[in-house]
Amino acid sequence: MRIPCTFLGHARWHAAMTRIVSLGLLCLLIAIPVAATAQDDVDNGQALLEALDVRSFQDKAEAINAIIESEDERANDWLQALLDGDLQRHKDDGRFVIVTDNVGREWPVIDALSGDDLGEMSRRDLARININNALRRQLRSALSMVELYTGDRDERREAAKGLIGKVDDELSDSLASRLENESDEDVRHRLNQALAVYRLEQGDIDAVETLAGSLNSDVRVALTRAADGEGAVADAAQAALADIEQTLKLNRGAETLYFGLSMGSVLVLAAIGLAITFGVMGVINMAHGELIMLGAYSSWMMQQLLPGYPGIAVLLSIPVGFLVSALVGVVIERSVIQHLKGRPLETLLATFGVSLILQQLVRTVVSPLNRSVTTPEWMSGSVAINDALSLTLNRLYVMGFAVLVFAALILVMHRTRLGLEVRAVTQNRAMARSMGIRATRVDIMTFALGSGVAGLAGVALAQLTNVGPNLGQSYIIDSFMVVVFGGVGNLWGTLVAGLSLGIINQVLEPWAGAVLAKIMVLVFIILFIQKRPRGLFPQKGRAAEG
Amino acid sequence: MNLWQSMARRDRVFDFLAPTASSVDVRHGPILYLEDVTVSFDGFRAIDNLNLTIDDGELRCIIGPNGAGKTTMMDIITGKTRPDTGSVWFGSRHDLLTMNEPEIASLGIGRKFQKPTVFEALTVFENLELAMAADKRVIPTLTARLTGEIRDRIDEVLTMTGLAEQQHALAGILSHGQKQWLEIGMLLMQRPRLLLVDEPVAGMTEQEMERTAELLTGLAGKQSVVVVEHDMGFVRSIARTVTVLHQGSVLAEGSMDQVQSDPSVIEVYLGESEEAA
Amino acid sequence: MHWLGRPFNERSTQLFLLVLVLAVTLVTVLHLAVSPQHPLYVSGYTVGLLGKYLCFALLAVAVDLVWGYLGILSLGHGAFFALGGYAMGMYLMRQVGDRGTYGDPVLPDFMVFMNWESLPWYWHGFDMAWFAFLMVFLAPGALALVFGYLAFRSRVTGVYLSIITQAMTFALMLAFFRNEMGFGGNNGLTDFYDILGFDLRSNATGLGLFIASGIALAFGYLLCRSIVASKLGRVCVASRDAEARTRFLGYRVERVQLFVFVVSAMLAGLAGALYVPQVGIINPSEFEPLFSIEIVVWVALGGRATLYGAVIGAILVNYAKTIFTGVMPDAWLFALGGLFVISTVLLPKGIAGVLAHRFRRREASNTTKTEVPA
Amino acid sequence: MYQRIPSPRWLAASLIALGVSAPAVAQDDDPIKVGILHSLSGTMAISESTLKDTVEMLVEQQNEAGGLLGRELEPVVVDPASDWPLFAERARELLEQEEVDVIFGNWTSVSRKAVLPVMEELNGLLFYPVQYEGEESSENVFYTGAAPNQQSIPAVNYLHDQVGVERWVLAGTDYVFPRTTNRILEAYLKDEFGVADDDIMVNYTPFGHSDWQNIVSEIKRFGSEGKKTAVVSTINGDANVPFYRELGNQGVDAADIPVMAFSVGEQELSGIDTGPLVGHLAAWNYFMSVDTDANYDFIDAWIEYNDDETVVTNDPMEAHYIGFNMWTEAVRKAGTTDVDAVKDAIIGVSVPNLSGGYATMMPNHHITKPVMVGEIQDNGQFAVVWETPSTVAGDAWSDYLSGSRDLIADWRKPMECGNYNVAEGTCMGSNAEEQAEEALSGD
């Protein structure tokens, strides 16, 4: 097959990449016998790779094209290795190797030409063949042009999408022919757009027809260029642009809403546990943030225990995170809080002390540095609603998670014995006692529940932000704001408060800036509390008497 | 104990018990009107269009089973609770519904709580000092000094409440009965036109009760007194007019005997009251 | 003003003043009269350190006034402290004049290289000492007045008040971090030269500031005592323990609270103003909620509603901090955290609780008890 | 860390705090005291504690090599606990109580600013190892980290010349370093490349900012106008993880919109899953991946010292390595640890850096450094893709800021001025005063 080498793809190849890796490894296995038998390939290959080992990136680009054109079976692996920075050269004997694992000081390598396993080499003896972003892009596009012909539906679609705005005379023909025997509608559509952009540049007015309504940024760029000109084409382009802008506005609104909701759901997750401990027991748990942190750390711990299975680790860390935080919660309740019954301000101070201790504990036991938590494949990236609006997956998951947790809590509170007892104790402790409810037990259970939920929040946050000793600090104040704003002891209040604060914040941010937006929200809450000291949904009963 | 006997004489009035020259207009008789007052908490009608008038200098007893709305009524008069409908007038000049607690208090309405609430972290003496009628704005309070006359006044109340020995003790360590007396004493220091007294003899010994009865009856005439009490014996010993509250509204009104002979009262109330007595 | 004199006949106050005066004079003597080689010599470094402690002690007294006697747990007093500090910092900044790096006669260095072409309006007047020193009280006072008016009027109390005071200081921290605010952003104000014409880098000035802090602490203590010992002080305690009852006695509780809150804020501001020239920098980290909560713990450990307890607590904790961060840094947060727990769970009356007993017997008439239902 | 501190310091510390001190009269056989002023607790401990270990390691190595001037080196460690006023206090303690001969320390600009007056008052010697915003040159401070012209300017040149960037997003945390850097860059981009105003987007976020959705999508929009766009990031520490995560998830690929970071090094990367970040850029004067024997030796020593295969090295560590060697070199040259003598001797001293070149101390107390651009790899390392042909001398006063265009610093006699205005031919501000005072007090 012929791959046009002047062509520089401009697209996101993530989906494609992973497949290439596997594909590459596959070819590797096939390649070995081939290479072993055909001696001349080795020299030829050596020459090809020699060309790569130069300083200037332009020359490297040439060398890469040479490799592609050579149609050598090993081309795929070489390029892949080059892309990953694993293609290296031995400083002394100058032979090319592919590093299979570049961690530590001694690296296992295989021969780039023969594919023989060469054991380990010291990183001191190896010089890697550098590439930069330009080359990386060239490599990816080159590798992925294959996809347009051989790849499956999604890959072809990605590839086709990448072609928009990149088509030149040479390519247009091969694409036209490709279009003939392309079955999939969507791929055809994109190929058409790609060609239309090309034709538009040639001043073909019908092209505008094809492009109208597309939200693809490259299409928009092409239209804007066309619109600058004079005559019918320009007018048509301007018209097309106008209604594209309209749709974009709508999309932007939807996007902001999504951002607000996702931020809101994070706030809700962080605050909901507090709503329970604070609302039900009237306990100001300043260590709540650190319970969140522990949840996040248990998420990291699970990944350490299950290297290579981030997905499973994340799922497992949900129960684990809950348990860890719940246990710590119980310890706090037994050791500190039970001694401070009915003295909320004291619990505030004591638990703050606990939070300091927990932080420092993590610093000394684990490390003061942030820990890296890998996002599993199925949680990274985003789902494209259209070319202009795409929702980030990890946040979608967090939203869903928040909804689940909330629903679960509502159930626990209204459908279970515990919930009943909890509500009884909230309304009137003495009365509940006299009715044979063991208030202390309820306290422990409640606090464990609240803490556990904090742990869940931590598990979710581990997918969004730092896992470090300061994680808790950055959420404690926000959590309190949400609870107080929503009305203490009222789960629905917390939900509404969290989501609305999230949205307010995201709406303000674009024009006020992140800092001012946050300040405004704080001031707003302070003033709101003056107006309604008991929050959005005030609650009667013991807990309300702060 | 001759001061004690002298106190027992109804005609004799301590100068400090003399009503303050307040702006209360009682030319048209009653010092307190409640008209069609209604309050409900979450649908439950604690007070159900209640009508009540207290004449100047009257001593009124209010009785009624639990939940009849006695305490709620006091909350309304003292501005702690706002009614949903109705009007509450102090004399014919002051609409109490437009005022907050301190304003109402400074008009001369004193209240003694059901559960004795004194300032436990302060001494008996200090409790009375705070209660005393005076300029209660911030700066005057800051610069206020303990003049001889104030001391005398406090001493008098101390003697008559029998707390002279404990005057430097913290109120927190007083017995229940003593707290009741201290609170009554604080009430006296306020020189109110109208005293609202909620279950004054709860947890008192027989003898303490008598003293209380003496005191309250002694006040009447010069000041209006409203007593809410469960103890029928006590009520009988002081009562002139009795009002029976039931489910937030007046069930019957009149002398003890009239009330007791009232069938509706007997039905809803007396059975229970016998036990109470 | 007889009420100001009242504390002088309290034993606790006399004792406190005596100790304070002795300590300050001792340090002064050891610093001036003893030769640097002598083991008893007190170095400029130590004088600065002690001066800092005295400022913190004053701050603690201010917090104790509102928490101990009024029952208002403010988690935002660091904000008043910092505002007073900034007022002083702005004065010191203007004193630099054209000696700044860029030699601009008016603009402070950070404004020059942040491209401010002219002095923002709120910086005017701070070149005059009297104005700046007035602001030291007015700025925190005004904030306390507005915040307190809103909060107390709508009867926001207890935990809610604590949390919104925390929100207040947090918001202010974010605000002062912003460089557009014109307070030097994260770097804050630093690199001062002289105060009232005295070179800040000379030991003599250091000693002067130390003594000034001592006097300020004495003044603050006396002021608080005289409020506490007055009838108003009793009203405070009354409203702390039975707010409704106090209202029924005819006291405007919210106004009492507001008055005391503002006084306390001004004292905190004074503390901040003396703190800044001694440590040589003021920046938004003083607004951090952690700092405000730390102050409360000084008071809790020392013993609430006994002003001298606050002083003891402040000095002890900060002394401990100096040692720990010097010797075993990792242990510091453990120790501090432990202090929080212990002082609340095991020592509800604080260190002074024990001492307090004796004084209370003697002065049952004009001092009050330490038990505070929070 | 506990066992490393000899217990007598307990006593010492408490005595100090008690105000009692026994200053040692320096004899020639006494050890030379090396003060270390890095936060070991609090938020900055993350970055600074490793620098403290670095200096301790260097001191250890020096002692094994026979010390200095035949005397032992003794590290004196204090903890300013990430608390800026405490930095000043600790610096004073080091100089007045401990009487150290030199101090290696500080990370944040604010802490340096807090320490500066103390250094000048007590005539101390401070080596500051972190890249910073410039606009400063103190007689008593030696800046071994990069000045703006040793990091941001070359990095922007790379983006413009090699990557062909035409639109610029300047995103930073809201504090002095990003503010100044971005102001310099804005001026530079306009003057040098004639970039239009609406081709530059500036954005500031608070410390530890964690919700980047809006900003990243703005960046995407800004970058979708058809011109090649890059982000120049001065985002600080903790805020980076959520930022890069959001970039990855919103599909901003290094190939489309590369991010050039000035505050993200190997240590920061160790807390990030670098998988999605491959190809994003950082500009430093040193990378752990630099392929020289000197570097490998340093790394190995560091690994031995921590007894941990996974530890990383970074740019500020190299800065301390250079600074420490320059100081020892200068002490040998001067034959004494006397501050004034060392200050004079150190100017012009050259020592090898870790990337195979030499670093020289300039008269403005800044040093010469190579500037490298590295691309993030999936193993948490950077691969150097570009390097300045020769080393660049640090410039204390930026030529692109109106206030400092005419200022230069030269601490050699006779000028001896940190901010000499070439236009007016005078030494501005404080230093002039001080010299006058010194002249009067006659020392």
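Visitor: What share of the 443 residues of chain D count as buried?

Guide: In chain D, 63% of the 443 residues count as buried. Buried is the word for a residue with 20 or more other C-beta atoms, placed from the backbone, within 10 Å of its own; 12 or fewer makes it exposed, and anything in between partly exposed. This is a predicted model, where local features need pLDDT of at least 70 and side-chain atom pairs 80 or more, while totals for chains, interfaces and linings use all residues. Residues are numbered from 1 along each chain as its sequence is written, and chains are lettered from A and ligands numbered from 1 in the order in which they are written.

Visitor: Why is chain D called as compact as a globular protein of that length?

Guide: Happy to show you! Chain D comes to 13 helices and 19 strands, which are DSSP runs numbered from the N terminus (helices H or I, at least four residues; strands E, at least two). Its radius of gyration is 22 Å, close to the 22 Å that the globule rule gives for 443 residues, so chain D is as compact as a globular protein of that length. The radius is taken over C-alpha atoms, and the rule is 2.2 Å times the number of residues to the power 0.38.

Visitor: What makes α19(A) oblique to α20(A)?

Guide: The axes of α19 (residues 473–486) and α20 (residues 491–512) of chain A come within 8 Å and cross at roughly 120 degrees. That makes α19(A) oblique to α20(A), because under 35 degrees is roughly parallel, over 145 roughly antiparallel, 65 to 115 roughly perpendicular and the rest oblique. Axes here are lines fitted to C-alpha atoms, for helices over the stretch in contact, with angles from 0 to 180 degrees between N-to-C directions.

Visitor: Which residues of α19(A) meet α20(A)?

Guide: Val482(A), Val483(A), Phe485(A) and Gly486(A) do, and their partners in α20(A) include Gly493(A) and Leu501(A).

Visitor: How do you know which chains touch?

Guide: Two residues are in contact if their C-beta atoms, placed from the backbone, lie within 7 Å. Of the four pairs of chains in contact, chains C and D share the most contacts. The contact of chain B with chain C takes 27 residues from chain B and 28 from chain C. On the chain B side, α3 (101–107), α4 (124–131) and α5 (138–143) each supply at least two residues. Chain B and chain D do not touch, with their nearest C-alpha atoms 38 Å apart.
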